[in-house]
Amino acid sequence: MLFVHSVDLPAWSQDQPASPSNAIENFNLSTGGTGLYRPDKWGVVKVSLRNPQQHEVHLLATTHALNEPTLQYGRRLWMPARSQLTSWNPMRMPPLDHPQQTQFDLRSMVINRSSGVEAMSANEFGAMQFDQSFRVAADEQVTALIVDRSNDQTPGLLSTDPQEFVLTARLDRGLKYNLTILGDPLLPASEELLDALDHLVIASNRIVTDAAGISAIRRWVASGGRLWIMADMVSPTLLAALLGDDDNITEVNRVDLTSTHLDAGAWSLSELRFTRELERPVRFVRLVAEDHQTDFTSDGWPAAFWKNHGEGRILVTTIGGDAWVRPRTPSDPPAPGGVSMQTQFFPSESLSYLALQFFTPRAAPLIPRVQAEEQIRQLIGYAIPDRTLTVGILAGFTSLIPLLAIWLARRGRLEWLGLVIPVLSLGAAGMLMALGWNSRTTIPATTAIIQHVQPVPGTEEIRTSGLAGIFTNESQVAPLSGNQGGWMSPSMSGFESTTRRMAWSDIDTWSWELLPFTPGLRMVSFQTGGRVDEPVEAVAEFDARGVSGKLTLPAGLAPGDAVIIAPRGRIGVQLHPDGRFTAAASAVLGPDQYLSANVLSDEQQRRSQLMSQLPAPPLENLFSPVLMVWTRYWDVGTSLGRDGQTVGSALVSVPIRWQRPAAGTPLVITGPFLPFREVEGPDGLPPKGLYDRRSARWTEKTGTAEGWVAFSVPADLLPVELTSATITFKVLGPMRRLELSGANGSTRQSLKTWDSPVGTLRAEITDPTVLKLDSRGRFLIRIDVGIPDEPDPATTQLTTGKMDPQSYWQFEDVSAQVTGQIQKRQ
Amino acid sequence: MCEFPIRDTALPPWMGGLRSQRIFVIAIVLTAVLVSTARAQDIPQIFLMDREPAERPLPSSYFIHPELIPMWRQALSQPESELQRQAAEALVEAHALGHDGMRAAVPELLAVLKSKTVHPAARHAAAHALIALDVRSAADRLFEASQDGGKDLRQLIEPALANWDFELIRPVWRQRVQSITTPRRDLILAIRGLGQQRDAQALKSLLGLALTPENSADIRLAAARAAGQIAPEGLETQAETLIAARNCVLNRLCAVALITRHTSERAIALNQSLGMDAEPGVAVEALRSLFALDPRLVLPLAEMAINHPDAGIRRIGIETYVTLPTPERMQTLSARLNDPHPQLRKLVRDKFLALSQEPTLEPTIRQSTIAVLAGDDWRGQEQASLLLGDLDEESVTARLLELLDSARPEVMLAAAMGLKSIAAPDSAMPVLAFAQRRTEAAGFTPLTDTQLAHLFELLGLLKTTEAMPLMEIYIPKTRKYRGFSRAAAIWALGLMQEGQTNERLASQLLERATDTRSSPAEDFYVRRASVLTLGRLRASPQLPGLKSLIGDQIDNNLMDLTVRWSILQITGEALPMRPPHTMRRTGWFLEPLPREKQELKEPD
């Protein structure tokens, strides 16, 4: 790669003749933003150039990949007389030509539009095209850091600097490459900057006044990104700016520690502990935080906790890197990548635990393209056949045959039926074809949109993504544009040899140029930002009937078909005209049910089908139910079609903000809100693999098996006193015996036994001693299957070589529903 | 003329492509270097040779192109929000770098702020610039913009208005704290603003927020702090009630916050009780309040505080004792020379040095420090070595000589520095023997290099001519001996031979001084020390060689100034100096092209 600094013209050149009026100087294309580029992902490129003219100029700087020469991305620039300017624009990198490709070869041009006529600009050497190559990022997750631009840390603190610390954690996960620094002093005001990232770590305050950059980060997190904030290195102001009204974190004070102790927090799935005596103190920030899940504490204060933010997750650590690592010794095992891929520090198990959760790939877009396309086709195609007319033609044809048969029979010409029927069939078919042809040519221009709308919690911002289908009867230049950021990517089939361009003229403002649309249907994928007057939110609380709450949406969207996606299932939601909603405990949807209506209309069927293809919620979002509601499409400042009708729907995912009911309120918590996992029991019985949390499935077994299962009550409700629990088992295969027990202190108390259980079984527990919640807000049950001392068919197979296929058993599902009462908080 | 990029700390883009592959290597190398030398650098290493010559280079000055601000103003007037945003932020940065004239852009900034059609990012940047430029006359416009410009803008503007004591916003804030539907961020802004402006009218509402258990912790704590800022008295009952109602950390934090300005006996007693709280986060706040009122209020708790596990609490205890010093307290405090926190033990050392001027305290300080030096704790040995060196305590010379062999790098170096400060004549021969041993031993680490540099300086001060043969070993460039020790040896030779002719030595030193083209080139410290010593030797035959190091004028850098000094010693001639560099800051997002070379000079 060649990077040429701007240089002053040598003195001798001052006497040269004036440059041509379309001349530019020192054009340079360089990496911007993360500096890492991935195929089919957006990134940011930086352009800088000089205007040597004595007058201002209006330019268009475009860049394209050499293997996609007709697809350009550009930036309109204004430059005053005799100036040099640095600007940037998003660009989507092309797919790789082959897997071994290591560079994106790019070419840029500058078009001068000052005189109203477009003319290519040349530099002082006559060159009109400028080539540059950007490295293809390794095929691995990408992490970016925001750190201080200078190394003026307080002397004596932090022998592990943030880069080294994050690197240690990444290498521990076997991630060897793709760690980059966001070095621009002002972040490009564009979410596309972050499209290639899976994770972002903020260890500096320098973006605290960069509102546009912070807004881009917020949207990126809300759409599924992972953000790590090192609170010991940022101010509370930055936390507040990032989290908006979702920020319920307050700083108490800061202290330097020379002795650190990390303990497992209430929500940690580990019992890890890590202590260090430090010669160089480490900064610790005492924070008070709510609505979070604490993985580790230090002296009772949160040391690492998670917050859900839309569909993303935020990790906040409050203690400096030295508390999480220690110097590597020769006896330590190497990092997964080998001795050449490790730092001088060895991560604690606590850090490994955090890294395991943090360094995961970013989730794919929610709306599956195939299903969205199908839905769009149906939306547009639905207008084509008039069902009544079609049915009428077919009914007429069907009823005419017997009538004609009777008439011909009376005339003794029944044999003519063999001729009449084909003629009638041809006629009916011809009429239907003519109807279809007629409908097709008279369909108005239509744009059909399927959107996924994600509100950014705590703000008035939203993010939309999805697919649009533009049906047009005549050729036109595609009028695709937007002013809320984002992008649109129309399918380009048939236009490979036509120059088309996506050009930005300002922050969040772009348009497609030179892009022709031929008659027919063309798909356009898109992603945009937007702002609404009032934050979109769903506030809910549990009560004696289930869940009730209030949904705030912009007016005129006709919300309907709402569902709560909870950790362990879906619940149908009733929307009321005043914005309230209710989800009854009895409205739990079956595994193949996605909407609560009994009889589904065509539109509901389409919606249901699309929702059936949505990815399952990630495990980490166990405690963050989402209200998903269908509305009409949202107008977010994009232009998709010149004229014609626009139809479509939007699926809005609104993370539910829970309010804790007043003390004394009775409530019922139904199964989907009670996630569970297999745990070590109070009697010391370790997990035996009865339930696989990763795949969320019960394991297929033979013979006997036992295990303790802990159901977690939502943290926002604690403390709660349970009054009853109903456990439901759905059994597959021969179990011989099923016993349900509870935990009474450290002992097991048998509650119910079934012999030869079959189908669906229920047990109600009302004994308060076994319903007591542990310190993590869980109640435990023990499941024992089979008859002890009976030969295990698996063992028999080992000796006889034969396995009875009928001896496997499995739980299809186990769920709980509890009732209880809210207790006063201490 | 130089052009100085303003963003010289960012890696150039061409390296970005290889960054992720190299970063682990860089990390390993850096860590290795840091681990080996970091501790040595916790205490700044002060060399006497660095103080010569007395004349220091003047700092370079920077200017910006005279057309830069007009160009940014043009950009602000363009309809493109991105240009406006960049221009506004550039104004902030230029102002922060100390350049004047940014206020000329205020009209354009106000226009952007007022506009409803520009992108919110541009309005935010304009507001940021107005605040950074402290344009208080724009407070009204900023207030208007904050109320219709969204949460991000309020987050930026309202704290500034609070700082400026802007009164028109108070009714808005009061309304917010009274309404139960106020969004969280707006509520926190209002609470903090009212507290900062000490708005007594809001006290009741703030207390309501602070004392309602159902409110979230952040709201309660912010409200309690604000109420405490407002009320200098009268909240003792509420504080006591909070603690009595539910003994949780949050309640105690709120209680401390409420009475932070209170001076009543009751409040003081409450704070003193909270100063002993089991939760350090609470105790430190209570102690801070007491200390701010009157350090004497902390005295009953000071001894506990000084020995507390929490560094923040220990600091308050230390500050109390040094503010109200007595010999007994100094005795107690001497144990903190061993404090695990480096800043605290340095604090004690610095204060001891200052307080040793008091005749009533000096003996105790000395004796207690001597006792620490004799102890086993390396931290105490380190601090005591430096302190006793500054106090010129000759009686500890033997102990310092022992500590030269310490296993701890900090102590090794501190002992050497201490010996140098004391410069006792009878330490010369033991130091020489030690230096001889170190020179002959295998392995010459950066720590050895630094330690020997201090010891050679000591021998130079004592004019220990017996050390000359040893020091001459360090003159040639070798793989074994490093820059500091070599430079110090050469410098010390100069002190010992001052005014004497030594042609052999002078030739050697001129070679070192002019060795700039070999690979590797001579160490800068060694070159400079060689030049200094040539001056001391009055080495006239080496004059042409010295003059070859400079141009026709002396540049404003350390080497040229050293050569100038040396020539002055030899010939008595003070060579003329070039004025300090002035450099134009470049690298802005938008900047003018220079028209002619004359433009690159600083404007008159």
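This is a predicted model: local features need pLDDT of at least 70, side-chain atom pairs count only at pLDDT 80 or more; totals for chains, interfaces and linings use all residues.

The phi angle of B:K463 is near 50 degrees, a positive value in a residue other than glycine. Because 14 other C-beta atoms lie within 10 Å, B:K463 counts as partly exposed.

A:R82, which is not a glycine, has a positive phi of about 50 degrees, and its place is in the loop between β4 (71-79) and β5 (83-92) of chain A. With 18 other C-beta atoms within 10 Å, A:R82 is partly exposed.

Other loops carry cis peptide bonds. In chain B, the bond from B:S519 to B:P520 is cis, with omega near 0 degrees, and B:P520 belongs to the loop between α28 (503-513) and α29. In chain A, the bond from A:L718 to A:P719 is cis, again with omega near 0 degrees, and A:P719 lies in the loop between β42 (705-712) and β43 (720-732). A further loop of chain B, between α5 (120-132) and α6 (139-148), holds B:S137, which counts as exposed because it has 10 C-beta neighbours inside 10 Å. From B:S137 to B:A104 the distance is 14 Å, C-alpha to C-alpha, across 33 residues in sequence.

The domain assignment for chain B gives domain 1 (1-6 + 430-592) and domain 2 (232-324), and the C-alpha centres of these domains are separated by 55 Å. Helix α29 (residues 524-536) of chain B packs with helix α27 (residues 483-496) of chain B, the axes being 8 Å apart and the angle about 0 degrees, and the two helices are therefore roughly parallel to each other. On the α27(B) side, the residues that meet α29(B) include B:F484, B:I490, B:W491 and B:L493, while the α29(B) side contributes, among them, B:Y525, B:V526, B:L532 and B:R536.

Chain A has 9 helices and 48 strands, and its C-alpha trace spans about 115 × 100 × 60 Å along its principal axes. Of its 826 residues, 47% count as buried, and residues 24 or more positions apart account for 75% of the contacts with a separation of 6 or more. Its domain assignment includes domain 2 (143-358) and domain 5 (666-822), whose C-alpha centres lie 37 Å apart.

Helix α3 (residues 236-243) of chain A has 6 of its 8 residues buried, so it is largely enclosed by the rest of the structure. These buried residues are A:L238, A:L239, A:A240, A:A241, A:L242 and A:L243. Their packing partners in chain A are α2 (211-222), β12 (226-230) and β13 (249-264), and they also pack against α7 (151-163) and α9 (184-196) of chain B. Helix α2 of chain A contains A:R219, an arginine that counts as buried because 25 C-beta neighbours lie inside 10 Å. Beyond residues up to four places away in sequence, A:R219 touches A:E191, A:V456, A:E461, A:R463 and A:G529. A:P69, by comparison, is 150 residues from A:R219 along the chain, with 31 Å between their C-alpha atoms.

In helix α4 (residues 349-358) of chain A, the buried residues are A:S350, A:L351, A:L354, A:A355 and A:F358. They cover an arc of only 135 degrees around the axis, which puts them on the same side of α4(A).

Apart from neighbours within four places in sequence, the contacts of A:L627 are A:A538, A:L551, A:A562, A:I564, A:V573, A:V654 and A:I656. As general background, nonpolar side chains tend to be buried together in soluble globular proteins.

Technical notes:
Residues are numbered from 1 along each chain as its sequence is written. Chains are lettered from A and ligands numbered from 1 in the order in which they are written. A residue is buried if 20 or more other C-beta atoms lie within 10 Å of its own, exposed if 12 or fewer, and partly exposed in between; C-beta atoms are placed from the backbone. Helices (H or I, at least four residues) and strands (E, at least two) are DSSP runs, numbered from the N terminus. The arc is that of the directions from the helix axis to the C-beta atoms. Domain bounds come from an automatic or database domain assignment. Two residues are in contact if their C-beta atoms, placed from the backbone, lie within 7 Å. Axes are lines fitted to C-alpha atoms, for helices over the stretch in contact, and angles run from 0 to 180 degrees between N-to-C directions. Angles under 35 degrees count as roughly parallel, over 145 as roughly antiparallel, 65 to 115 as roughly perpendicular and the rest as oblique.
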